[in-house]
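Open the model in your viewer and keep the sequence panel beside it. The stops below say what to select next and what is there.

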Amino acid sequence: MTTLGERLIQLKKERNLLQKDIAKATGLSLRAYQYYERDQKDPTSAVLQKLADYFDVSTDYLLGRSDNP
């Protein structure tokens with residue numbers, strides 16, 4: 001099963017983005033985003049929704065529950 005961090009890294013690479021750009025666009029601190037990407041912390045549902053909206057994918061996709069973005 002794919003982790004949230006693995007999905008975030010994959011989406012970041014596919015879109016040629018930087019961590020700081022994603023953090024700024026979603027209203028997160030860079031450190032908070034890095035924790036999520038490293039699977040060191042779990043995001044709140046509100047943060048998870050922000051990330052899903054930003055990447056235009058479902059929360060199920062981010063959580064590894066679906067392979068369909």
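Contact here means heavy atoms within 4.5 Å. This is a predicted model, in which local features need pLDDT of at least 70 and side-chain atom pairs count only at pLDDT 80 or more, while totals for chains, interfaces and linings use all residues. Residues are numbered from 1 along each chain as its sequence is written, and side-chain values use heavy atoms, with hydrogens and water left out.

**Stop 1: aspartate 39**

Select aspartate 39, in the loop between H3 and H4. Helices are DSSP runs (H or I, at least four residues), numbered from the N terminus. Show what surrounds the residue. Leaving aside residues up to four places away in sequence, aspartate 39 touches Thr3, Leu4, Gly5 and Glu6.

Now check the backbone. Aspartate 39 is not a glycine, yet its phi is positive, about 60 degrees. Most residues other than glycine have a negative phi. Aspartate 39 counts as partly exposed, at 39% relative accessibility. The scale is relative accessible area: buried is under 20%, exposed is over 50%, and partly exposed is in between (1.4 Å probe, protein chains only).

Draw a distance from aspartate 39 to glycine 27, C-alpha to C-alpha. The two are 19 Å apart in space and 12 residues apart in sequence.

**Stop 2: asparagine 16**

Go to the loop between H1 and H2 and pick asparagine 16. Its phi is also positive, near 55 degrees, in a residue other than glycine. Asparagine 16 counts as exposed, at 72% relative accessibility.

**Stop 3: lysine 12**

Select lysine 12, in helix H1. Is it buried or exposed? Lysine 12 is buried, with a relative accessible area of 13%. Show its neighbours. With residues up to four places away in sequence not counted, lysine 12 touches Leu17, Leu18, Gln19, Ile22, Tyr33, Glu37 and Phe55.

Keep Glu37 on screen. The side chains of glutamate 37 and lysine 12 form a salt bridge, 3.0 Å from N to O. The term means a side-chain nitrogen of Lys or Arg within 4 Å of a carboxyl oxygen of Asp or Glu. Glutamate 37 lies in helix H3 (residues 30-37) and lysine 12 in helix H1, so the pair ties together parts that are 25 residues apart in sequence. Glutamate 37 is buried, as is lysine 12.

**Stop 4**

Take aspartate 67 and arginine 7. Their side chains meet in a salt bridge of 2.8 Å, N to O. Aspartate 67 lies in the segment after helix H5 (59-62) and arginine 7 in helix H1 (residues 4-14), so the pair ties together parts that are 60 residues apart in sequence. Aspartate 67 is exposed, with a relative accessible area of 66%. Arginine 7 counts as buried, at 4% relative accessibility.

Then select aspartate 60 and arginine 65. Here the salt bridge is 3.7 Å, N to O. Aspartate 60 counts as partly exposed, at 32% relative accessibility. Arginine 65 is exposed, with a relative accessible area of 62%.

**Stop 5: H1 against H4**

Switch to cartoon and select H1 and H4. Their axes come within 12 Å and cross at roughly 25 degrees. Axes are lines fitted to C-alpha atoms, for helices over the stretch in contact, and angles run from 0 to 180 degrees between N-to-C directions. H1 is therefore roughly parallel to H4. The classes are under 35 degrees for roughly parallel, over 145 for roughly antiparallel, 65 to 115 for roughly perpendicular, and oblique for the rest.

Leu4, Leu8, Leu11 and Lys12 of H1 make the contact with Leu48, Leu51 and Phe55 of H4. These residues divide into six nonpolar, no polar and one charged. Ala, Val, Leu, Ile, Met, Phe, Trp, Tyr, Cys and Pro count as nonpolar, Asp, Glu, Lys and Arg as charged, and the others, Gly among them, as polar.

**Stop 6: H2 against H4**

Finally, select helix H2 (residues 19-26) and helix H4 (residues 45-55). Their axes come within 10 Å and cross at roughly 115 degrees. H2 is therefore roughly perpendicular to H4. On H2, the contact uses Asp21, Ile22, Ala25 and Thr26; on H4, it uses Lys50, Leu51, Tyr54 and Phe55. The residues of this contact divide into five nonpolar, one polar and two charged.

Notes:
Helices (H or I, at least four residues) and strands (E, at least two) are DSSP runs, numbered from the N terminus.
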